[in-house]
Amino acid sequence: MQKNKKALDEKIERYFNDLFAGVGQSQQLFDLKEELSTNLKEKIADYQSRGLADEQAFKEAVISMGDLSGLVEDLRQLGPDTAKPSVYSPMANRLSIAGTIVGVLLILFGGFTILMLYFMGLSSVNVVVPGIFIVAGGALLTYSLLTHKKYGMNKIRAALYAVSVFALFSGFITFFAAGELYTGISESMVFSLVGVGLFLGLILTETDRRKNSSNLG
């Protein structure tokens, strides 16, 4: 069973490699192949559940996806996406997973430490100091999730998102650590403005990753 699945996965990979032969490598092409492969596997499983043999199910599934030549030609004309040259790799995925785990642990450590200091009756300034772990964890978690295989964002853009999260969290921590209300507002304003401005700039210039989906029917 496992052997058949592996053979089918390899067959699907060869099919799309042949289909997109000559199209420059890019993150956009990688994401599209992933999406098409998932759709094709679902269709094959559907035909197999109706009693078709593996080979026939593959052929029927390919036919049901329609003519993809227009999609291939569009990508060929676009050429390599130089703005996003970082194609996913197994090493990148491992780093993303490790970063996600460390980020979550840092956030939990900061949260538990703040609770502990709060119930010890310390001043608000001392209580919020461990919030720096939450700030660092939030930024690391943001970067790691955005560079994961499922999202595959360019590393520079993901790092900018992480900086915006770092600035926003720092604004909160600075506000509560200041002691005086007016001082907190003044000191957190800079971090908050940088974080919000950067985040809005990234969101408003974000590429629509669904633009090729409409071509899949």
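Student: How far does helix α8 reach from its first C-alpha to its last?

Tutor: This is a predicted model. Helix α8 covers residues 155–177, which is 23 residues. At 1.5 Å a residue, 33 Å is expected. The model comes close to that, at 32 Å.

Student: Which element gives the largest share of the largest nonpolar core?

Tutor: That core has 19 residues. The elements giving two or more residues to it are α1 (2–19), α2 (27–49), α3 (54–64) and α4 (69–78). Six residues make up the largest share, and they come from α2.

Student: What is Leu 40 in contact with, leaving aside neighbours within four places in sequence?

Tutor: Leu 40 is one of the residues that touch the most other members of the largest core, along with Phe 16, Phe 20, Leu 36 and Ile 44. Its contacts beyond those neighbours are Ile 12, Tyr 15, Phe 16, Phe 58, Ala 61, Val 62 and Met 65.

Student: How many residues are in the second, separate core?

Tutor: Its members include Leu 146, Met 153, Ala 158 and Tyr 161.

Student: How far apart are the end C-alpha atoms of residues 95–121?

Tutor: UniProt, in an unreviewed entry, lists 95–121 among its "transmembrane region" spans. In the model this span is 93% helix and 0% strand. Its end C-alpha atoms are apart by 39 Å.

Conventions:
Residues are numbered from 1 along each chain as its sequence is written. This is a predicted model: local features need pLDDT of at least 70, side-chain atom pairs count only at pLDDT 80 or more; totals for chains, interfaces and linings use all residues. Side-chain values use heavy atoms; hydrogens and water are left out. A nonpolar core is a set of buried Ala, Val, Leu, Ile, Met, Phe, Trp, Tyr and Cys residues joined through side-chain atoms within 4.5 Å. Buried means under 20% relative accessible area, exposed over 50%, partly exposed in between (1.4 Å probe, protein chains only). Helices (H or I, at least four residues) and strands (E, at least two) are DSSP runs, numbered from the N terminus. Contact means heavy atoms within 4.5 Å. UniProt positions are given in the numbering used here, feature names are shortened, and annotations may be inferred rather than shown by experiment. The expected span of a helix is 1.5 Å times one less than its number of residues.
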